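Here is a short briefing on one protein chain. Please look over the model first, then read the points below.

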Amino acid sequence: MKREVVIIDADDEAEIRRRRRSSRKRPRATTEIASRLLSTENSSVQVETGSSVSNKLARLEVQRTAEVPSIDDLSDDLLVQIFQHLGGLLELMRVLPVCKRWLRVGGDPRLWSTLSFYNYEHVSDAALRSILANGQALRRLKSLSLAKCHRISEETVRLIPKSPCVNSLESIDLSWCSGASSRSVPIFSRCPGLKEVKLSYCWKVHGRALKCLALRCPRLEVLDINCCTNVRDSHIIAFAEHCRNLRYLNIANARSVSDRAICRLAEHCKNLEVLDLSWCSKITDVSLNAIAANLPKLRELRLNETQVSNLGLCQVVKSCKQLEELHLARCPIGVFAAASIALHCRTNLKILNLACCEAIPDRAVVAILSCCISLRSLDVSTLPCRRIGNIVESFSGQTIVYY
Amino acid sequence: MTEKGRIVKMVSQDQEEFEVEYGVATMSTLIANVLQDVSEETTTVPIPNVNAQVLAKVIEYCRYHYEAKRIDQSEEDIERWNKDFMKVDNKTLFNILIAASFLDIADLLDLGCKTVAGMIKDKSVEQIRELFCIEGDFTEEQEAKMREENNWGSEMSQENNAAQ
């Protein structure tokens, strides 16, 4: 080979050595191109000047970069960024068995901040266990959703707060999950950073099991215990006293919770933005007065099938100026409440549910429609003989009316 | 020195020069940082590890997005343009990715990563290997084990397909 022919002075020689050294990492293409270059041009390249050497080298380099790139040439960091766009951890895990490098890079903790089994609700107990066994990668897991996963055992859920994610976990969703129970849920109180707990429709979770979370997770902001069993005043008061940052609270279907608990809640958790008390059948105007006096940030209030009446509701709509959503299905309210809504919720109210509020007359519905300019949805279904079809048509805008 | 009318000369690895307006060039955070303390009318910036072909492509991207921002182009138009822009062979695509990461152009990097991710998504391990010429370097036992562990995923997607 006449490779040496092109080297003229010492500077260039050093340069060529440097380049060779750096190109050794990708031997295949470089040698191939170099030899091709030499075989086609060596007749004319007997003696050259320094500048043409560097030109040649540059050209060589160009061809190298033009020929070589494959997915193997991307840095680990770039590969991680590509993996981040796959749409989720489960999609990621599907492609990791491509090669050893992918498997290694796929373990990067940056990829493991959210694990959701949305669309993969059939995940088996064994599969979840094998994921939980992936210790290092779980170190930074922030959010885990097992909502509606119906093949998960209580034992496996108990393993989650014992895995390395215990210190990083901020959000856990076990709604409808078969493994959520009074034995598994309290163990999550080991997670000091927990901000979000969703236990909607976890029948097997009792109120007393929740108390543990209240006492040991002071950072809780979102709590959904809709349909948990035997939720009592003392449990709600525990959350009120220890979790002052609560923004979202859903205690729907807690039939034994009374005004006493809600008053304490309103006094302590002044940041509440969403409150769902639907089907808490003991709730009366006493709760509403406390809410009106203490919760100026409230955006969404659900009171379906409670005992609230005109006076309490009037207080709430007067004081909670941010209200965007109000649900009052089957509440014993009448024209006075409807008039207050029309008067005080002119600008912000977007969704209003008055289904089965039989004491509200047609003219009150029309008043609400004409006053509340932001209203997007109004539910006045199953009311007796509504004759407002033609009136409603004149408010065609954005408002959808069910009747 | 106003930034308007200022020209930046970018020199590719193979010594080709590209004259680019300041606003276009500084979409690269790297170049923006380099130019921060320089006030001359024309500044030459060598880009030592990006070749002319790729640099031209990158500049095309920056120029379009600079203009699009200026004339308030609609989201759909930009989206469509991006899609067309990314219709390149794998080699060029990876080259653009490497260049975007070196020059620190976040949007282009994002677009490139999204494109590659889109190519990977919904493909089997074998298809991905074929697409990117990757050799599977696991032993047969390892492969079998991983297939078993990952089984529930494919099980689900099959069920989903059946449901559709």
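L311(A), V335(A) and F336(A) together make a nonpolar surface patch of about 290 Å². The model is predicted: local features need pLDDT of at least 70, side-chain atom pairs count only at pLDDT 80 or more, and totals for chains, interfaces and linings use all residues. Residues are numbered from 1 along each chain as its sequence is written, chains are lettered from A in the order in which they are written, and side-chain values use heavy atoms, with hydrogens and water left out.

**Surface patch**
- Patch members have over 30% relative accessible area and no salt bridge; nonpolar side chains (Val, Leu, Ile, Met, Phe, Trp, Tyr) are joined within 5 Å, like charges within 9 Å.
- L311(A) sits in helix α13, residues 310-319.
- L311(A) counts as exposed because its relative accessibility is 61%. The classes are buried under 20%, exposed over 50%, and partly exposed in between (1.4 Å probe, protein chains only).

**Whole chain**
- Chain A holds 16 helices and 12 strands. Both are DSSP runs numbered from the N terminus: helices are H or I with at least four residues, strands E with at least two.
- Of the 403 residues in chain A, 52% are buried.
- Areas come from the Shrake-Rupley method with a 1.4 Å probe; for residues, only the protein chains shown count as cover.
- Among contacts with a separation of 6 or more, 75% join residues 24 or more positions apart. Contact means heavy atoms within 4.5 Å.

- D276(A) lies in strand β7, residues 274-276.
- D276(A) is buried yet has no salt bridge. That term needs a Lys or Arg side-chain nitrogen within 4 Å of an Asp or Glu carboxyl oxygen.
- The nearest side chain of opposite charge, R302(A), is 4.1 Å away. Lys and Arg count as positive, Asp and Glu as negative; His and the chain ends are not counted.
- Beyond four places in sequence, D276(A) contacts L249(A), N250(A), I251(A), A252(A) and R302(A).

**Positive phi**
- Most residues other than glycine have a negative phi.
- Y201(A) has a positive phi of about 60°. This residue lies in the loop between β4 (196-198) and α9 (207-216).
- Y201(A) counts as partly exposed because its relative accessibility is 28%.
- C227(A) has a positive phi near 70°. Its loop runs between β5 (222-224) and α10 (233-242).
- C227(A) counts as buried because its relative accessibility is 9%.
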